[in-house]
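Here is a short report for a reader new to this structure. Take a look at the model first, then read on.

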Amino acid sequence: MLGKLGFIGSKKKPPYGAEFREGAVRIVVEAGRPAGDVAEELGINPGTLHIWVSRWRRNGTTSSDQPVQPAAASGGGGRVREDERAELERLCREMGE
């Protein structure tokens, strides 16, 4: 018999969205919070968050094992934009509640 997601006996959660993954990684990397603590607070597996952080450090993205385009080619400057910083601060406040 097929499980909810079409896999036999599967109880897997659907994949996390890119925004969620990036936010979780930013909390670890930019706020300096321990990945295990952040994972527990977000209700995700610590190993999963460690993988996302490793990918981000290696490739600049949590979504792929392929490196993103260099900042000069993509127009980015490698710094956190104001809207991204505001989102990070919101997530940190949310986690503190």
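## An aromatic cluster

Tyr16, Phe20 and Trp52 are joined into a cluster by ring pairs. Rings of Phe, Tyr and Trp (its six-membered ring) count as a pair if their centres lie within 6.5 Å; planes under 30 degrees apart are stacked, over 60 edge-to-face, and the rest tilted. The structure holds three aromatic pairs. One of them is Tyr16 with Trp52, edge-to-face, at 5.5 Å centre to centre and 80° between the planes. Tyr16 sits in the segment before α1 and Trp52 in helix α3, so this pair ties together parts that are 36 residues apart in sequence.

Trp52 is buried, at 6% relative accessible area. Buried means under 20% relative accessible area, exposed over 50%, and partly exposed in between (1.4 Å probe, protein chains only). Phe20 also pairs with Trp52: the ring centres are 6.2 Å apart and the planes stand at 90°, so the pair is edge-to-face. This pair, too, links distant parts of the chain, with Phe20 in helix α1 and Trp52 in helix α3, 32 residues apart. Tyr16 is partly exposed at 25% relative accessibility. Phe20 is partly exposed at 32%.

## About the model

This is a predicted model, in which local features need pLDDT of at least 70 and side-chain atom pairs count only at pLDDT 80 or more, while totals for chains, interfaces and linings use all residues. Residues are numbered from 1 along each chain as its sequence is written, and side-chain values use heavy atoms, with hydrogens and water left out.

## Helix α1

Helix α1 covers residues 18–31, 14 residues in total. Helices (H or I, at least four residues) and strands (E, at least two) are DSSP runs, numbered from the N terminus. From first C-alpha to last, α1 reaches 19 Å, close to the 20 Å expected at 1.5 Å a residue. The expected span is 1.5 Å times one less than the number of residues. After α1 comes Gly32, with a positive phi near 70°.

Which residues of α1 are buried? They are Arg21, Glu22, Gly23, Ala24, Val25, Arg26, Ile27 and Val28. Their cover includes α2 (35–42), α3 (46–59) and α5 (82–96).

## Ile27 and its contacts

Ile27 lies in helix α1. Its relative accessibility is 1%, so Ile27 counts as buried. Leaving out residues up to four places away in sequence, Ile27 touches Gly32, Arg33, Val38, Leu88, Leu91, Cys92 and Met95. Contact here means heavy atoms within 4.5 Å. Ile27 and Leu88 are 61 residues apart along the chain, yet 6.7 Å separates their C-alpha atoms.

## Helix α2

In α2, the buried residues are Ala35, Val38 and Ala39. Seen down the axis of α2, they fall within an arc of 100°, so they line one face of the helix. The arc is taken from the directions from the helix axis to the C-beta atoms. Cover for these buried residues includes α1, α3 and α5. Gly43 follows α2, and its phi is positive, near 75°.

## Salt bridges

How many salt bridges are there? The count is four. The rule asks for a side-chain nitrogen of Lys or Arg within 4 Å of a carboxyl oxygen of Asp or Glu. One of them joins Arg26 and Glu30 at 3.1 Å, N to O. Both residues lie in helix α1, four residues apart, about one turn of the helix. Is Arg26 buried or exposed? Arg26 counts as buried, at 16% relative accessibility. Glu30 is partly exposed, with a relative accessible area of 31%.

Arg90 meets Glu87 with the closest N and O atoms 2.6 Å apart.
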